[in-house]
Amino acid sequence: MLENDPGHFTYGRSQTTLASGNLYLLIRDYCGNRGSQFGGEFKAFLDCLEDKDLSLDKDFAFRNLLREAGDDPIMQSVQDEFFDRAYWVPAIKSCEYIGVESALGTAVVYDSRIHGSWHRRRDETIAKYNSLAEIGEQ
């Protein structure tokens, strides 16, 4: 966790956060998978995650459990499904909607969705340049 990070605790392949509530959704999905190696242990943290309890930022038992779960193939699979559903698919739809065609443009949209700034950045860009075609994105 970075000092003064507005997302607070972050975790996962694409870094979902405690403050956004998406860390709760990811861990809830993992706990709901019967094959999860650490699902039972994570259940004790679900209420704190749902409440976005910032004490988890410094909870070393929680951190260690997340670190261990990172090696669980079920956690890896749950993350793939979660990040695709929560960020990748919406990013691709956004790209189609505004006409992004390049890999770099797609990466910017995806990253902006993960960091929660997509809509603000999109609106600022459209207000300044009107469309991607007008600024040379193809």
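With a relative accessibility of 16%, Leu 46 counts as buried, because the cut-off for buried is under 20%. Before going on, please keep in mind that this is a predicted model.

Leu 46 sits in helix α3. What does Leu 46 touch, leaving out residues up to four places away in sequence? The answer is Tyr 24, Ile 27, Arg 28 and Cys 31. There is also a distance to mention: Leu 46 and Leu 25 are 21 residues apart in sequence, and their C-alpha atoms are 9.2 Å apart in space.

Now take one of those partners, Ile 27. Again not counting residues up to four places away, Ile 27 touches Phe 42, Leu 46, Leu 49, Leu 66 and Met 75.

That brings me to the core. The largest nonpolar core has 32 residues. Those with the most contacts inside it are Tyr 11, Leu 23, Ile 27, Phe 42, Leu 49 and Phe 62. At least two residues of this core come from each of α1 (22-31), α3 (46-50), α4 (60-69), α5 (73-98) and α6 (103-114). Helix α5 gives the largest share, with seven residues.

Next, helix α4. Its buried residues include Phe 62, Leu 65, Leu 66 and Ala 69. Viewed down the axis of α4, the buried residues fall within an arc of 100°, so they line one face of the helix. On the other side of α4, Phe 60 and Arg 67 are exposed. And what do the buried residues of α4 pack against? They pack against β1 (10-11), α1, α2 (39-42), α3 and α5. At the N-terminal end, α4 is capped by Asp 59, where a side-chain oxygen lies 3.1 Å from the backbone nitrogen of Ala 61.

Last, the cysteines. How many disulfides does the structure hold? It holds zero. A disulfide would need the two sulfur atoms within 2.5 Å. Seen from Cys 48, the closest cysteine sulfur is the one in Cys 31, again at 13 Å.

Key
Residues are numbered from 1 along each chain as its sequence is written. This is a predicted model: local features need pLDDT of at least 70, side-chain atom pairs count only at pLDDT 80 or more; totals for chains, interfaces and linings use all residues. Side-chain values use heavy atoms; hydrogens and water are left out. A nonpolar core is a set of buried Ala, Val, Leu, Ile, Met, Phe, Trp, Tyr and Cys residues joined through side-chain atoms within 4.5 Å. Buried means under 20% relative accessible area, exposed over 50%, partly exposed in between (1.4 Å probe, protein chains only). Helices (H or I, at least four residues) and strands (E, at least two) are DSSP runs, numbered from the N terminus. Contact means heavy atoms within 4.5 Å. The arc is that of the directions from the helix axis to the C-beta atoms. A polar contact is a pair of N or O atoms within 3.5 Å; within protein, one must be able to donate a hydrogen and the other to accept it, and residues adjacent in sequence count only if both atoms are side-chain atoms.
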